[in-house]
Amino acid sequence: VVGSCTDHAMMGRGDRRSVIFFLMLHFVLVQNQQGKARLAKYYVRYDDAEKKQLLGEVYRIVAQRNQRSQSNFVEFRHGTKIVYQRYAGLYFSVCVDMHDNELMYLEAIHLFVEILNAYFTNVCERDLVLHFYKVYAVLDEVFLAGVVADTSAAQVLQRLELLDRLG
């Protein structure tokens, strides 16, 4: 049974009960230090003008934060928050519901970067630009339809290797 944080479903047999939370991303962004989007994937419908506005807003929020004294979680708009991490000159940001687990998403961002680093052998911004289709394939292996799909870097890398052999 699947539910959301605000509306979760329970099922049980006798005294045993289990709850499965359905945590969903609104979008994933990777931006460089100038605010230019290197990857943008939206799991909620936005029109083009709103997407452009989101890119600017998220960049302004994460770029001005002090990495040493401020957390990697920022309240955003309409009951959402931005969870982000800076790696080298890139900001990896996800937008999630206000009540979702920030640390889980921070770990998912780290996993995504770890997989990119292994797949491209020390990934850099140029890899994201030149091999964008591969980057989106990696993203889809980690986040499927706005949900964290796999948390095993080894399994994801195996599937990506298989895709490379097919194509």
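This is a predicted model: local features need pLDDT of at least 70, side-chain atom pairs count only at pLDDT 80 or more; totals for chains, interfaces and linings use all residues.
Local features are given at pLDDT of at least 70 and side-chain atom pairs at pLDDT 80 or more, while totals for chains, interfaces and linings use all residues. Residues are numbered from 1 along each chain as its sequence is written, and side-chain values use heavy atoms, with hydrogens and water left out.

The protein has five helices and nine strands, taken as DSSP runs numbered from the N terminus (helices: H or I, at least four residues; strands: E, at least two). Read from the N terminus, their order is β-β-β-β-α-β-β-β-α-α-α-β-β-α. Of the 167 residues, 37% are buried (under 20% relative accessible area with a 1.4 Å probe, protein chains only; exposed is over 50% and partly exposed lies in between). Among contacts (heavy atoms within 4.5 Å) with a separation of 6 or more, 44% join residues 24 or more positions apart.

Rings of Phe, Tyr and Trp (its six-membered ring) are paired if their centres lie within 6.5 Å, with planes under 30 degrees apart counted as stacked, over 60 as edge-to-face and the rest as tilted. By this rule there are 10 aromatic pairs. One of them joins Tyr 42 and Tyr 46 edge-to-face, at 5.7 Å centre to centre and 70° between the planes; both residues are buried. The pair of Tyr 59 and Tyr 91 is edge-to-face because the planes stand at 75°, with the ring centres 6.2 Å apart. This pair links distant parts of the chain, as Tyr 59 belongs to helix 1 and Tyr 91 to strand 7, 32 residues apart. Tyr 59 and Tyr 91 are both buried. Ring pairs also gather Phe 27, Tyr 42, Tyr 46 and Phe 76 into a cluster.

Where is empty space left? Rolling a probe the size of a water molecule over the atoms shows this. On a 1 Å grid over the protein atoms alone, a cavity is a set of points where a 1.4 Å probe fits but cannot get out, and a pocket is an open set with protein on both sides within 12 Å along at least five of seven lines; lining residues have an atom within 4 Å of a point. Points are joined across faces, edges and corners, and a volume is the space filled by probe spheres set on them.

The largest pocket holds about 170 Å³ of space. Of its 13 lining residues, Tyr 87, Ala 88, Leu 90, Val 113 and Val 123 are the closest to the centre. Helix 2 gives the most to the lining of this pocket, with three residues.

Finally, Asn 72 sits in the loop between helix 1 (48-63) and strand 5 (73-75) and is buried, with a relative accessible area of 14%. The side chain of Asn 72 reaches the backbone oxygen of Tyr 84 at 2.9 Å. Beyond its neighbours within four places in sequence, Asn 72 is in contact with Ile 82, Val 83, Tyr 84, Gln 85 and Leu 106.

Methods: A polar contact is a pair of N or O atoms within 3.5 Å; within protein, one must be able to donate a hydrogen and the other to accept it, and residues adjacent in sequence count only if both atoms are side-chain atoms.
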